[in-house]
Amino acid sequence: MVRCLLPHPAMGPHAERPCHDCAVAAYVIAESKHLDNEEIRRYRELAAASIAQHGGRYLVRGGIPDAREGDWIEDHRMVVIEFPTVEQAHGWYDSPDYRAALATRSTVPDRRMLLVDGVIAHPVA
């Protein structure tokens, strides 16, 4: 349960009570070397279906970042996926359908995957 620490537009501050009016999205950010073979194409197909099944949606898929600070490895791509809740993101990652997607591919070198919470979004009053 997310405890909201922000003032709520309709109720005022409610840091001590569980917030049922606020939603916290979760984001999966993945980075890996760009590969294109049958194994990876099958993984992408199954992963996309599993993401949709768990309420997720792609915000970036295979993007090439424009690195304004720091370095970016030229042959790496980025994926950003949004889930409505942290629980849905964890549920997706731990699900049998995503595990089946992972099983279709060998280990991808230099792959990183992160899960981060978004900010609390209050409903508009």
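Reader: In which strand is Glu 82 found?

Author: This is a predicted model. In it, Glu 82 is found in strand 5, residues 76-83.

Reader: Is Glu 82 buried or exposed?

Author: Start with the cut-off: buried means under 20% relative accessible area. Glu 82 has 17%, so the residue is buried.

Reader: With which residues is Glu 82 in contact, leaving aside its neighbours within four places in sequence?

Author: Two groups stand in the list by number. Glu 82 is in contact with Ala 25, Ala 26 and Tyr 27, and also with Gly 55, Gly 56, Arg 57 and Leu 59. Take Leu 59 as an example. Glu 82 and Leu 59 are 23 residues apart in sequence, yet their C-alpha atoms are 6.7 Å apart in space.

Reader: How do I read Arg 61, and in which strand does the residue lie?

Author: Arg 61 lies in strand 4, residues 57-63. Its relative accessibility is 47%, so Arg 61 counts as partly exposed. Arg 61 touches Arg 44, Ala 48, Met 78 and Val 79, not counting residues up to four places away in sequence.

Reader: Now the whole chain. How many helices and strands does the protein have?

Author: The protein has three helices and six strands. Their order along the sequence is β-β-β-α-β-β-α-α-β. Of the 125 residues, 30% count as buried.

Reader: Next, helix packing. At what angle do the axes of helix 1 and helix 3 cross?

Author: Look at distance, then angle. The axes of helix 1 (residues 38-53) and helix 3 (residues 96-103) come within 8 Å and cross at roughly 170 degrees. That makes helix 1 roughly antiparallel to helix 3.

Reader: Which residues make the contact?

Author: Helix 1 supplies Tyr 43, Leu 46, Ala 47, Ser 50 and Gln 53. Helix 3 supplies Asp 97, Tyr 98, Ala 100, Ala 101 and Leu 102. By type, the contact residues divide into seven nonpolar, two polar and one charged.

Reader: Which residues of helix 3 are buried?

Author: List them, then look down the axis. Tyr 98, Ala 101 and Leu 102 are buried in helix 3. They fall within an arc of 100 degrees, so they line one face of the helix. The face turned away from the buried side carries the exposed residues Pro 96 and Ala 103.

Reader: What does Ala 101 touch, not counting residues up to four places away in sequence?

Author: Ala 101 touches Tyr 43, Leu 46 and Ala 47. Its relative accessibility is 0%, so Ala 101 counts as buried. Ile 40 sits 61 residues from Ala 101 along the chain, and their C-alpha atoms are separated by 9.5 Å.

Reader: And helix 2? Which of its residues are buried?

Author: In helix 2 (residues 86-93) the buried residues are Val 86, Ala 89 and Trp 92. Their arc around the axis is only 125 degrees, which puts them on the same side of helix 2.

Reader: On to rings. How many aromatic pairs does the structure hold?

Author: The structure holds five aromatic pairs. Judge a pair by ring centres and plane angle. Tyr 93 and Tyr 98 have ring centres 5.6 Å apart and planes at 45 degrees, so the pair is tilted. Tyr 93 is partly exposed, at 32% relative accessible area, whereas Tyr 98 is buried, at 0%.

Reader: Which residues do ring pairs link into a cluster?

Author: The cluster links Tyr 43, Phe 83, Trp 92, Tyr 93 and Tyr 98.

Reader: Last one: a loop. Where is the place of Val 108?

Author: Val 108 is in the loop between helix 3 and strand 6 (112-121). Val 108 is buried, with a relative accessible area of 10%. Leaving aside neighbours within four places in sequence, Val 108 is in contact with Ser 32, Lys 33, Leu 35 and Ile 40. The C-alpha atoms of Val 108 and Lys 33 are separated by 7.5 Å, and the two residues are 75 apart along the chain.

Definitions and conventions:
Residues are numbered from 1 along each chain as its sequence is written. This is a predicted model: local features need pLDDT of at least 70, side-chain atom pairs count only at pLDDT 80 or more; totals for chains, interfaces and linings use all residues. Side-chain values use heavy atoms; hydrogens and water are left out. Buried means under 20% relative accessible area, exposed over 50%, partly exposed in between (1.4 Å probe, protein chains only). Helices (H or I, at least four residues) and strands (E, at least two) are DSSP runs, numbered from the N terminus. The arc is that of the directions from the helix axis to the C-beta atoms. Axes are lines fitted to C-alpha atoms, for helices over the stretch in contact, and angles run from 0 to 180 degrees between N-to-C directions. Angles under 35 degrees count as roughly parallel, over 145 as roughly antiparallel, 65 to 115 as roughly perpendicular and the rest as oblique. Contact means heavy atoms within 4.5 Å. Ala, Val, Leu, Ile, Met, Phe, Trp, Tyr, Cys and Pro count as nonpolar, Asp, Glu, Lys and Arg as charged, and the others, Gly among them, as polar. Rings of Phe, Tyr and Trp (its six-membered ring) pair if their centres lie within 6.5 Å; planes under 30 degrees apart count as stacked, over 60 as edge-to-face and the rest as tilted.
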